[in-house]
Amino acid sequence: MVGDITKEVRSPLLPDRQEQGDFFVCDIFDAAPKGDMASMAHPIFSLSTKPDHRVRRYEDSTGKNYLEVKPSSDGLATIHDRDVLIFCISQIIAALNKGQKVSQTVRLKAYDLLKATNRVTDGRGYEGLRAALARLQGTQIETNIATGGTEQLDIFSIIDRARIVRETRDGRMQEVEIKLSDWVFNAIQHREVLTLNRNYFRLRKPLERRMYELARKHCGRQPEWRVSLDVLQRKCGSSSTGREFKRLVLNVIEQNDLHDHMPDYTMRFEEPQTVVFVSRGSVPCPPAEDSWTGPLSPDAYHDARLAAPGWDVYYLESRWRKWLGENEIEPKSPDRHFVKFCQSWQEKHGRPR
């Protein structure tokens, strides 16, 4: 029809800048993207695209556990800066799976990181990486939230330091050395990580990335996860008004209905104030041989009965092992881990009726 103009619809996904069939190739091994569960559960990273200088403090429902995030003069580390951590975690986990010795200090090629996280590899990419390293090192966290079963008061930067080992004549980084914080490395050693869909790096909007992380952490392989809008806003760390946050979430849902682009999960909104994340069934299950099937000691069963009086300890064991598989965790201290699970179960459910 004359005068009919067809507008090109912009995809909500970034272009796929990787070579077809390859995620990335390192000098040592290939690695699937992994995120640590602690920073997936708590809003450490800013969703703002401008320097964010707010001090944030979050507490759980009991008021016993807290996390405070303080920015440097460069602002808080952003959700896109998190890509650096994901890259490092992925390599370390891949090495552990191969039985290799790992270190808290990771040396990598800047080009590999940029390719792996779907970033441009021209000057803008290297400048962005340099800025990300500065924000990651400058952002300080104070928390008593445990990683690896260790409870202690920690005050640390997200990464301890970053060093450019080699640099080209035009100022582009070739090799970078990153020392991860004890908190992050402790989580890695205890396999408190989750595999992320590679299309995570193609999501344009910071809120989309954060919503995917929360779905991966809280929905996992379950059929669905329901969360109130105000709780979702706290978990996202959004500074928007309640009305504006609702508009932004509804826009993400609308865009996903149109393009079906969110990895692993779809979403819907239910009045008055509930967001429902629905699993697509695409999150891969860990191979059976990779699930932890080791024995527990008699003392563990005894302590578990004291921790959760009235509950069938073998029922709790089945729920614990199922939870380990769903969250891809291999406990370093199984007895202690199981007893703590029973304690948490008792706190949440009380005595059986």
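Modeller: Contact here means heavy atoms within 4.5 Å, and helices are DSSP runs of H or I with at least four residues, strands being runs of E with at least two, both numbered from the N terminus. By that rule L207, E208 and M211 in α6 meet F245, L248, V249 and V252 in α8. The model is predicted, so local features need pLDDT of at least 70 and side-chain atom pairs count only at pLDDT 80 or more, while totals for chains, interfaces and linings use all residues. Residues are numbered from 1 along each chain as its sequence is written, and side-chain values use heavy atoms, with hydrogens and water left out.

Biologist: Why is α6 called roughly perpendicular to α8?

Modeller: The axes of α6 (residues 206-219) and α8 (residues 242-259) come within 10 Å and cross at roughly 80°. Angles of 65 to 115 degrees count as roughly perpendicular, under 35 as roughly parallel, over 145 as roughly antiparallel and the rest as oblique, and therefore α6 is roughly perpendicular to α8.

Biologist: What makes the pair of Y200 and F201 edge-to-face?

Modeller: Rings of Phe, Tyr and Trp (its six-membered ring) pair if their centres lie within 6.5 Å, and planes under 30 degrees apart count as stacked, over 60 as edge-to-face and the rest as tilted. Y200 and F201 lie 5.5 Å centre to centre with 75° between the planes, and the pair is therefore edge-to-face.

Biologist: How do you know whether Y200 is buried or exposed?

Modeller: Buried means under 20% relative accessible area, exposed over 50% and partly exposed in between, with a 1.4 Å probe and protein chains only. Y200 has a relative accessible area of 0%, so Y200 is buried.

Terms used:
Axes are lines fitted to C-alpha atoms, for helices over the stretch in contact, and angles run from 0 to 180 degrees between N-to-C directions.
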